[in-house]
Amino acid sequence: LLDACRIWREQLAETHLLNKILRGESNRQVVQGWLLETYHYIKHFPDALLAAYNVCTQQRLKALLYKYYQQEKGHEKFIEQTLI
């Protein structure tokens, strides 16, 4: 999970796509593509938490991972509504 976060951070730092969107320097298709990628990231993030939960052997951390998983489920619906 940490490796995935590092890769995502590097991609964000290289592209600065959100900054371009916020400055109005992109077109509708770029914004839609960014939202679509964000949708997939948000939709699948709980699965990563659940995978970590399933292999975790430390009970305290396992409980935190499951709680975090429950809190993150379903957030993709906000992006989905925006795309629709």
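Rings of Phe, Tyr and Trp (for Trp the six-membered ring) pair if their centres lie within 6.5 Å; planes under 30 degrees apart count as stacked, over 60 as edge-to-face, and the rest as tilted. With that rule I found that ring pairs link Tyr-41, Phe-45 and Tyr-68 into a cluster.

Ground rules for my notes: this is a predicted model, with local features needing pLDDT of at least 70 and side-chain atom pairs counting only at pLDDT 80 or more, while totals for chains, interfaces and linings use all residues. Residues are numbered from 1 along each chain as its sequence is written, and side-chain values use heavy atoms, with hydrogens and water left out.

**Aromatic pairs**

I searched the whole structure and got 4 aromatic pairs. One of them is Phe-45 with Tyr-68, edge-to-face, at 5.7 Å centre to centre and 75° between the planes. Phe-45 sits in helix H3 and Tyr-68 in helix H4, so this pair ties together parts 23 residues apart in sequence. For helices I take DSSP runs of H or I, at least four residues, numbered from the N terminus.

I then looked up the tilted pair, Tyr-66 and Tyr-69: the ring centres are 5.6 Å apart and the planes are at 40°. These two tyrosines are 3 residues apart in helix H4, about one helical turn.

Next I checked accessibility, where buried means under 20% relative accessible area, exposed over 50%, and partly exposed in between (1.4 Å probe, protein chains only).

**Core**

Which residues make up the largest nonpolar core? I get Phe-45, Leu-49, Cys-56, Leu-65 and Tyr-69, 5 residues in all. Helix H3 (28–55) and helix H4 (59–72) are the elements that give two or more residues to this core. The rule I used: buried Ala, Val, Leu, Ile, Met, Phe, Trp, Tyr and Cys residues joined through side-chain atoms within 4.5 Å. As background, nonpolar side chains tend to be buried together in soluble globular proteins.

I also listed contacts (heavy atoms within 4.5 Å). Setting aside neighbours within four places in sequence, Leu-49 touches Leu-1, Leu-65, Tyr-68, Tyr-69 and Glu-72.

**Lys-62**

Lys-62 is in helix H4, and I wanted to know what is around it. This lysine lies over the face of Tyr-53, 4.7 Å from the ring centre. The test is NZ of Lys or CZ of Arg within 6 Å of the ring centre and within 35 degrees of the ring normal. Beyond four places in sequence, Lys-62 contacts Tyr-53, Asn-54 and Cys-56.

Lys-62 is buried yet has no salt bridge; Asp-47, the nearest side chain of opposite charge, is 16 Å away. For charges, Lys and Arg count as positive and Asp and Glu as negative, with His and the chain ends not counted.

**Salt bridges**

How many salt bridges are there? My count comes to 2, taking a side-chain nitrogen of Lys or Arg within 4 Å of a carboxyl oxygen of Asp or Glu.

Asp-3 bridges to Arg-6, with the closest N and O atoms 2.8 Å apart. Both lie in helix H1 (residues 2–15), 3 residues apart, about one turn of the helix. Asp-3 is exposed at 53%, while Arg-6 is partly exposed at 39%.

Arg-23 and Glu-25 also meet in a salt bridge, 3.0 Å from N to O. I noted Arg-23 as exposed, with a relative accessible area of 52%.
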